[in-house]
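I opened the notebook to jot down what I looked up in this structure. Here are my entries, in the order I made them.

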Amino acid sequence: MKYLASIGSYAIMVKEVFKKPTKWSIMKSLILKEIDELIYGSLGILVFISFFIGGVVAIQTALNITSELIPKNLVGFATRQSIILEFAPTFCSIIMAGKVGSYITSSIGTMRVTEQIDALEVMGVNALNYLIFPKIVALMLYPFIIAIAMYVGIFGGWVAGVFGGFSTSADFIEGIQLDFIPFHITYSFLKTIVFAFVLATIPSYHGFYMKGGALEVGKASTTSFVWTSVVIIIINYILTQLLLG
Amino acid sequence: MIKVDNIHKSFDGTHILKGVETLFEKGKTNLIIGQSGSGKTVFLKCLLGLFIPEEGSISYDGKIYKNLTLEERRDLRQEMGMVFQGSALFDSMTVSGNVMFPLEMFTKQSKSEMQDRVDTVLKRVNLIDAHHKYPSEISGGMQKRVAIARAIVMNPKYLFCDEPNSGLDPRTSIIIDNLIKEITEEYDITTVINTHDMNSVMQIGEKIVFLKNGLKEWEGSKLEIFKTDNKAVTDFVYSSDLFKKVRQMYIEEKN
């Protein structure tokens, strides 16, 4: 019953976010600030993780090919498929739930605790639109960093495969071009856009409606990370079944 | 002028306000006092329109809040200024940015017009030198003054203050009290202050409403509070020895 009530208030919150918009001149600067914080600020960690995960996928695949009958280009093929289909959109989104999600929950939660949200409401500002809408717009650029993560992940696989002596450059490149299905990219970016919306709204919900003090801000951040991850995993399953199943 | 007519408010079956009625006059500093749990904060939030009473009504210069459309309520909100207990300044903005915020949100003034208005109100609260500082870089008393500046920047008709002296030393408290009183008179606004501070009651209480268990137990001025025989009021206001002696001296002087 409690979960149903939460889903209901989350849906009402999402509806309110799009009502009574803030003046464009103010909203514009808020959106740019959020792009800097949420997108540009996450680029480094995603590039770093993608490079090494791509490398690990290549090494693991190569080490598990024991039969001479399996072509050597499988290392590149498996790296490409793993990175594009799952690692970049889903795994990166779980990382973002920790990094961006907890930032969103704690920043909005702190505003709640220190009555800054009450101050906005007393002034007649739609606090939901003012605080959450810029985050949703900023995170619509999330597919761009996922595209970079895909590229860097495959590059990491190539570096680990070639310089680690697990594959030749020619085999690896042949593998990443083998049986390429362009719809996989569409599928991946569709997932990413849905995850971006989840990443912006679920942590905001946990921050906006939190009650209590500083300790509860910390608890809300943890809860928000857990629920954002759970929702991402469930949506990932549903979208995969719908789009590829 | 704010007229409160028999308002009731409950939460989860708990009856918090049980029929409060009073009148807050224009150009006066009106104080709400009472023990913790007496319903002061709920009452103030009802006055701000953040809570809607289940019964009764609140009218602002004749406009009954519950009868207003959403648009009219929004317009009325822009005639209200609020000073929160913890100041509630936006951490990411400078002092100047905080004060300018309502102007940016709700007016079509040019940047220079807004800056002039911000400078005027910051001068009024003696903070013109701190305009470039962030809230974390100024003292609690200065934060309260910034909050007052932000509350009056739109020329409000109604000013609400929730525990404006909380966390301040006695000298700064007096400065804040006097500032609120001066601004109330200068701008001819209806000011309602929620307070625990008995110094404020004695200093600026032109009208005092004492709440007890969600009901108005007593109302009167700071002079009348010396004379009252209401036990609940005297127990609350004169709970310290100092105030007991002050009252005793007042009574002896009158006799």
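**Entry on D188(B).** I checked how D188(B) sits and found it exposed, because 10 other C-beta atoms lie within 10 Å. My scale for this is simple: a residue is buried with 20 or more other C-beta atoms within 10 Å of its own, exposed with 12 or fewer and partly exposed in between, with C-beta atoms placed from the backbone. D188(B) is found in the loop between helix 6 and strand 8 (190–194) of chain B. Its phi is near 50°, a positive value in a residue other than glycine. I take helices (H or I, at least four residues) and strands (E, at least two) as DSSP runs, numbered from the N terminus.

**Entry on D12(B).** D12(B) belongs to the loop that joins strand 1 (2–11) and strand 2 (14–24) of chain B. D12(B) is exposed, with 4 other C-beta atoms within 10 Å.

**Entry on the source.** I note that this is a predicted model, in which local features need pLDDT of at least 70 and side-chain atom pairs count only at pLDDT 80 or more, while totals for chains, interfaces and linings use all residues. Residues are numbered from 1 along each chain as its sequence is written, and chains are lettered from A and ligands numbered from 1 in the order in which they are written. Chain B averages a pLDDT (the predictor's confidence in each residue, from 0 to 100) of 89, and 100% of its residues score at least 70. For the complex, the predictor gives an ipTM of 0.83 and a pTM of 0.87.

**Entry on the domains of chain B.** I found chain B divided into domain 1 (1–79 + 156–226) and domain 2 (95–155), with bounds from an automatic or database domain assignment. Their centres, taken over C-alpha atoms, are 24 Å apart. Where they meet, 13 residues come from domain 1 of chain B and 11 residues from domain 2 of chain B; I count two residues as in contact if their C-beta atoms, placed from the backbone, lie within 7 Å. Helix 6 (residues 170–187) of chain B supplies the largest share of the domain 1 side, seven residues. That side has 10 nonpolar, three polar and no charged residues. In this count Ala, Val, Leu, Ile, Met, Phe, Trp, Tyr, Cys and Pro are nonpolar, Asp, Glu, Lys and Arg charged, and the others, Gly among them, polar.

**Entry on the core.** Which residues touch the most other members of the largest nonpolar core? Among its 121 residues, they are A149(B) and F160(B). Such a core is a set of buried Ala, Val, Leu, Ile, Met, Phe, Trp, Tyr and Cys residues joined through C-beta atoms within 7 Å. Both domain 1 and domain 2 of chain B give residues to this core, so it lies between them. Leaving aside neighbours within four places in sequence, A149(B) is in contact with V99(B), V121(B), L122(B), V125(B) and L127(B).

**Entry on chain A.** I counted nine helices and zero strands in chain A. Of its 245 residues, 42% are buried. The C-alpha atoms fill a box of roughly 70 × 40 × 35 Å along the principal axes.
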